[in-house]
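Student: I would like to learn how to read the features of a model. Where should I begin?

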Amino acid sequence: MDRQGFVQIGKYRSCVRQIELGCVQGSILGPFLFNVYTSKLERIKSPWHVLTYADDAYVTIVNDGLHGLINDFETTMSKHGVQPTKN
């Protein structure tokens with residue numbers, strides 16, 4: 001498959017990466033695999049809260065200031081092997 005993806009939050013955008021694994025939206029295995037992959041997110045010790053519904057997952061991080069919020073975000077994402085790039 002020739003699929004690519006990236007994450008953008010405000011003016012910050014991750015690098016574009018090739019998507020080599022996963023199910024396309026609407027597949028029969030999609031809902032099952034979503035539950036398998038996201039079930040452990042809530043157990044990870046981090047400053048974030050995970051909300052899941054249907055086939056969506058939302059991550060929220062609460063902090064008193066922008067600097068602390070950015071630091072918490074970058075620390076948590078680096079634990080998962082994701083390094084955001086600033087464009």
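This is a predicted model: local features need pLDDT of at least 70, side-chain atom pairs count only at pLDDT 80 or more; totals for chains, interfaces and linings use all residues.

Tutor: Residues are numbered from 1 along each chain as its sequence is written, and side-chain values use heavy atoms, with hydrogens and water left out.

Student: How many helices and strands does the protein chain have?

Tutor: Helices (H or I, at least four residues) and strands (E, at least two) are DSSP runs, numbered from the N terminus. Here there are 2 helices and 6 strands, in the order β-β-β-β-α-β-β-α from the N terminus on.

Student: What share of the 87 residues is buried?

Tutor: Buried means under 20% relative accessible area, exposed over 50%, and partly exposed in between (1.4 Å probe, protein chains only). Buried residues make up 11% of the 87 in the protein chain.

Student: What span should helix α2 have?

Tutor: The expected span of a helix is 1.5 Å times one less than its number of residues. Helix α2 has 14 residues (66–79) and should span 20 Å; its end C-alpha atoms are 20 Å apart, which agrees.

Student: Which residues of α2 are buried?

Tutor: An α-helix has 3.6 residues a turn, so residues three or four places apart point the same way. In α2, Gly 68, Asp 72, Thr 76 and Met 77 are buried. They lie on the same side of α2 because their arc around the axis is only 155°, taken from the directions from the helix axis to the C-beta atoms. Leu 66 and His 67, on the other side of α2, are exposed.

Student: What covers the buried residues of α2?

Tutor: Contact means heavy atoms within 4.5 Å. The cover includes β5 (48–53) and β6 (56–61). In the loop between β6 and α2 lies Val 62, which counts as exposed at 62% relative accessibility. Val 62 and Asp 72 are 10 residues apart in sequence and 8.9 Å apart in space, C-alpha to C-alpha.

Student: Which residues form the nonpolar patch on the surface?

Tutor: The patch consists of Leu 29, Phe 32, Val 36 and Tyr 37, with about 460 Å² of accessible area together. Patch residues have over 30% relative accessible area and no salt bridge, and nonpolar side chains (Val, Leu, Ile, Met, Phe, Trp, Tyr) are joined within 5 Å; a salt bridge is a side-chain nitrogen of Lys or Arg within 4 Å of a carboxyl oxygen of Asp or Glu. Accessible areas come from the Shrake-Rupley method with a 1.4 Å probe. Phe 32, in helix α1 (residues 30–38), is exposed at a relative accessible area of 55%.

Key. Patches are made of residues with over 30% relative accessible area and no salt bridge: like charges are joined within 9 Å, nonpolar side chains (Val, Leu, Ile, Met, Phe, Trp, Tyr) within 5 Å.
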